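Good morning, and thank you for coming. Please look at the model on the screen as I go through its parts.

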Amino acid sequence: DEGAIQPLLSVLTENDELARRVAASSLALIGGPRALNALLQSYLDGDNRTRYPISVAIASFGGAGAQKALAKLVAAGLAPRAVAVDDVRRANPNLP
């Protein structure tokens, strides 16, 4: 349902990694140009912690347009990077 796109976009900025993954996957399942454009915009606006699940969702669209758009983002230096241990510690102060 395209009515779910906007609420799912807000979940992409949550601190909960599982929630971000589910939201990105849900957008991919909704499909269509509006969901793809929303994911692409969120990818551009996001930081590293949001880009990885969004990139997986974009890749799952499977169409040539989605693949080319993702490739352009990566080529422009916006590829998701591996999360550093310090990033994880900042996100979860309970870790040693």
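Leu27 is in contact (heavy atoms within 4.5 Å) with Ile5, Leu8, Leu9, Leu12, Ala35, Leu39 and Phe61, leaving aside its neighbours within four places in sequence. This is a predicted model, in which local features need pLDDT of at least 70 and side-chain atom pairs count only at pLDDT 80 or more, while totals for chains, interfaces and linings use all residues. Residues are numbered from 1 along each chain as its sequence is written, and side-chain values use heavy atoms, with hydrogens and water left out.

Leu27 is also one of the residues with the most contacts inside the largest nonpolar core, alongside Leu12, Leu39 and Ile58. That core has 21 residues; a nonpolar core is a set of buried Ala, Val, Leu, Ile, Met, Phe, Trp, Tyr and Cys residues joined through side-chain atoms within 4.5 Å. Two or more residues come from each of α1 (5-11), α2 (17-30), α3 (32-45), α4 and α5 (64-78). Which element gives the most to this core? It is α3, with six residues.

Let me turn to α2. The helices here are DSSP runs (H or I, at least four residues), numbered from the N terminus. In α2, the residues Arg20, Ala23, Ala24, Leu27 and Ala28 are buried, where buried means under 20% relative accessible area and exposed over 50%, with partly exposed in between (1.4 Å probe, protein chains only). They cover an arc of only 140 degrees around the axis, so they lie on the same side of α2; the arc is that of the directions from the helix axis to the C-beta atoms. On the other side, Leu18 and Leu29 are exposed. The buried residues of α2 pack against α1, α3 and α4.

What happens at the two ends of this helix? At the start of α2, a side-chain oxygen of Asp16 comes within 2.9 Å of the backbone nitrogen of Leu18. Just after α2, Gly31 has a positive phi of about 70 degrees.

Next, consider Arg51, in helix α4 (residues 48-60). Is Arg51 buried or exposed? Arg51 is buried, because its relative accessible area is 14%. A polar atom of its side chain lies 3.0 Å from the backbone oxygen of Tyr43. Not counting residues up to four places away in sequence, Arg51 touches Tyr43, Leu44, Gly46, Leu78 and Pro80.

Finally, the protein as a whole has six helices and zero strands. Of its 96 residues, 30% count as buried.

How values were computed
A polar contact is a pair of N or O atoms within 3.5 Å; within protein, one must be able to donate a hydrogen and the other to accept it, and residues adjacent in sequence count only if both atoms are side-chain atoms.
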